[in-house]
Amino acid sequence: MQTNSATPTDHRAPPPAVNSEAASMMLTLTVAGQLCAVPVLAVRDVLGVQVITRIPLAPPEVAGSLNLRGRIVTAVDLRSRLGLPAREPGQVAMSVVVEVGGELYSLLADQVGEVLTLHAEDRAPNPQTLDPAWKEFALGVHRQGDQLLVLLDVDQLLALGV
Amino acid sequence: MEADDPLWQEFAAETAEHLDALETGLAGDGAVDVLFRAMHSLKGMSAAIGAHGIGTLAHKAEDVLGLARAGRLALGPPARSALLAAVDCLRGQRVALLEHRQDQAPPPALLARLGALAEGRPMAAEIPPPSLPTREDPLRATLASRLADELPDLQAAPGRAHRLADLARESQMWRLAALLDGVSTDADRPAALGRLRRALKLLHPKEQPPHRFAGSLHQEAQAVRMALPGPRAALGRAAEILAACADALGDEQAELLARQIQDLAMRTGEEPAQRLAELRDDFASALAAPQLMPLVERLRPAPPPLTPGLAATLPPSTHARAAAAMAAGRRIWRLRLGPLPTAEAIAEPFLARAGEVRGGAGPPEALDIFMASELPPEELAALRAEADPDGGALTDLSAADAPPPAPTMRVRQDRIDAVIALEAELRAAALSLGDAITAPQARAAFEDLAALQARLPAAAAARLASGLERLRAASGAAERAQGRLSIALGQLDEAVLELRVMPFSSLAMRLPRVLRATAEAQNKQVTLEVRGEEVQIDRSLADLLADPLLHLVRNAVDHGIEPAEERIAVGKPATARLLLVAERLPGRLVLSFSDDGRGIDDTVVLARARSRGLISAEIAARLSREEIYALLFLPGFSTRDAINETSGRGVGLDVVQDAARRAGGAVRVESTLGQGTRFILDLPLTAAMQPVLLVEAGGQPYALPAGRVEAVIRPEQLPQGQALTTLEAVLHLPLAESSAIVLVRRPAGLLALAVERVGRRTDLLLKPLHPALAGTAGVGGVGVLGNGEPVLLLEPDSLPGEAASAGSFQASRFPAEGTSRP
């Protein structure tokens, strides 16, 4: 709202001396059938179905706002953010609450999976075959058995049109 | 009543005692000290329990009694009747609070009446004291003469009091009637006669005192003596009876003694209890004496010795006199005189009114004068401001005997933010608890079960009945607990509000630099004066106002202030003057920012708005002054052609209006061509809570600022010619059937907004919205409802699409109720 020289969250420095083990832990999600992941260190909470208040006239990728224990969290629907078709009516979304730049966001995914340890050296660059919708928001891919896991670029996902 | 809560029990019991003491004291000739303390305790207790309505009224009444205690107000019939009216009102408020957990506000007329008394304005002519007889009333005149005639007989023939009581009722003098009834029914007849006699003395203060009854006080005095070591409440009652009986005999000295005991017995707290313990033996011997006399001298609290701090500050020669002044209940103040030759001349009239000089100290350029004064700090401050408006002569006034300031702690701002966030969370939880407890479904379920009960076999019905009874008791307890919770939350709210206030000066101190930079760049001479720097403002407001204030300063220099030569040419001083005033009014903060520049030229504004394509020629011709000024706040409006380095590009006064609206307030402009312009920001005390009206569109709730809602009407009530749009259309939602129209005030005129459903009015706790979304058109913010659900606060002025839809959505297209829209 206002430019404020000292935002209240300035003190929230990134966790110091993170061991590499924690840094390579990823929470897997499924969006429109595609396996993807976000770093666990950014995740603050995983919630089930939430009441989301729509914000008319806001950018389409913003699903609305939800109240996370008194804090208003902006919900971003990964499907619309990635330009994928909307969920079927009746299909519910899970909220993955992440913190970026002192702001909380809720990423709406179809399913939330497990936490995996994915080492950076195993990461492969985005393959040519990757759906262009994903390319913009992918930091790379990991092969998981017969599936391809897309590592999501959370900062890029949340760079809403300011 | 809450049987399980000691705090409420104590409140119920003690307030009843204080109110009784006040009523008897006011109806009779109770010592002013006793009355003052009773009112003071009442105020304290109501503050402790969070009953603001009672507290407000008690505070006003205490002011009046405080003046009376200081000997500056006669406690004559007008004051007494006003205070009795206050006691009656306090009783009602107390009952409402205890039985319904409702904190009722006192009637403003009564507050005004007490306020007028405290300020020494005559009131008798304005509001006739209701409890006093008017001499013109023939019924009352008859009553008065019959009372005078028959009073002496009442002692021997108390049955006669019945007829007099009826007569009093006919004259609508209920208090008198009750007292007369007491004469025939009260077991303690002399006391009842005494209370009656006191009331009569009050009714006819100028006449001969009423008949003195015969008798002895021996028995009553003995009773008080016996009660001295016992519980204080019993002692208080015994002392009251003795006082009343003493009044019956017209024995004023005895009454005073009884009042002293009553006062100490009925006041709450450690100090009176201790005094009573100290004086118990003295009271006992005074009560045993053949002639009852008050303990006047002994009752004064021991003169407090000078505190070491004060003794060190004051010149030794003044110690004795200062101690005497403090013993007499006055405080020692230090007045520092500035290095002005006229300082002493200015100080003299101040000192004459404020108090007595006790000594002086310090070098001549910063002379400290010590004075003893009984005036409250506010009054001294007002006198000082009156004597020395500039503050150059009387540079400082502070209590020399002030206790050392409470220790302060430095707390990181984010810790406070965390507390504030928790408080908000707690409040949301409490709101949803309240919603859950009062949910209509629960009541409906009770009714269903009760209906079922009638159809069940007797044995089952009985079990259901007892189960229902327990459920009702439980839900009643939950409701009461919720009532207490909301009162406690109110207190917490206030405490938290105090945590996040900052003085206005910290907001204003950035301005001079900006002003200098802006003025220098344009070769203008401008000074800025800030008033109300000490006004405390909420941090949520301060954050919102920081940029708009800077902008107002730049705007004034860029557009308002003329170049020096132009000012001189029209006879103004070359240096222009900006004035920023912060003022805290009840429930509001008003900032006014004025310049003495060229004022706003309507024609220039209109020409600019037209060239920017903001309005058409026909509209321009129809606009009122206010509507023309409203154009200034439109985004993209700037009356300056040259883009300069300070005001920059594309930022207009709309940021000011935007901030005011986000805070839930409004901004308006006053201007006189050639003389200057004033921007007035009228803001709530906090930007965190806003009263709203909930409406529904597309199945989702939205909030409209309640202050902007003109009316809610049914579709058929839409005024002729009023353009209509639907909330769904404005928000680009699928159309739905509308059931009501909300008329919203906007600078550009009324906006008729058809909505699917109108909900309740409520207070919305506003939360920061993501910066990327805060700028979304039509969005004023996001708040949290009682059930925790976020709700969007709409900003009526920036709701998009209305310009296009205003003409296209005509009233005729509005679907009649009952028909559905495709």
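Colleague: Which residues have the most contacts inside the largest nonpolar core?

Modeller: General idea to start with: in soluble globular proteins, nonpolar side chains tend to be buried together. A nonpolar core is a set of buried Ala, Val, Leu, Ile, Met, Phe, Trp, Tyr and Cys residues joined through side-chain atoms within 4.5 Å. Buried means under 20% relative accessible area, exposed over 50%, and partly exposed in between (1.4 Å probe, protein chains only). In this structure, the largest core has 56 residues, and those with the most contacts inside it are A:L29, A:L78, A:W134, A:L158, B:Y702 and B:L727. Another core, of 51 residues, lies apart from it, with B:I537, B:A556, B:L589 and B:L653 among its members.

Colleague: Where do these names and values come from?

Modeller: This is a predicted model, so local features need pLDDT of at least 70 and side-chain atom pairs count only at pLDDT 80 or more, while totals for chains, interfaces and linings use all residues. Residues are numbered from 1 along each chain as its sequence is written, chains are lettered from A and ligands numbered from 1 in the order in which they are written, and side-chain values use heavy atoms, with hydrogens and water left out.

Colleague: What is B:L727 in contact with, leaving aside its neighbours within four places in sequence?

Modeller: Contact means heavy atoms within 4.5 Å. On that basis B:L727 touches B:V695, B:A697, B:Y702, B:L753, B:A754, B:V755 and B:L794.

Colleague: Now helices. How do I read a pair like α10(B) and α11(B)?

Modeller: Two packed helices are described by the angle between their axes and the distance between the axes. Helices (H or I, at least four residues) and strands (E, at least two) are DSSP runs, numbered from the N terminus. Axes are lines fitted to C-alpha atoms, for helices over the stretch in contact, with angles from 0 to 180 degrees between N-to-C directions. Here, α10 (residues 218-227) and α11 (residues 232-249) of chain B have axes that come within 9 Å and cross at roughly 160°. So α10(B) is roughly antiparallel to α11(B) (angles under 35 degrees count as roughly parallel, over 145 as roughly antiparallel, 65 to 115 as roughly perpendicular and the rest as oblique). As for what touches, α10(B) brings B:E220, B:A221, B:A223, B:V224 and B:A227, and α11(B) brings B:L235, B:A238, B:A239, B:I241, B:L242 and B:C245. That contact has 10 nonpolar residues, no polar ones and one charged (Ala, Val, Leu, Ile, Met, Phe, Trp, Tyr, Cys and Pro count as nonpolar, Asp, Glu, Lys and Arg as charged, and the others, Gly among them, as polar).

Colleague: And at what angle do α2(B) and α3(B) cross?

Modeller: Roughly 155°, for α2 (residues 32-49) and α3 (residues 52-69) of chain B, with axes that come within 9 Å. These two are therefore roughly antiparallel to each other. By class, their contact has nine nonpolar, five polar and five charged residues.

Colleague: Over to chain A: how many helices and strands does it have?

Modeller: Four helices and 10 strands. Buried residues make up 46% of its 162 residues.

Colleague: Where does A:A32 lie, and what is its phi?

Modeller: A:A32 is in the loop between β1 (25-31) and β2 (34-39) of chain A. Its phi is near 50°, a positive value in a residue other than glycine. With a relative accessible area of 35%, A:A32 is partly exposed. A:L57 also has a positive phi, near 70°, and is found in the loop between β3 (43-47) and β4 (62-68) of chain A.
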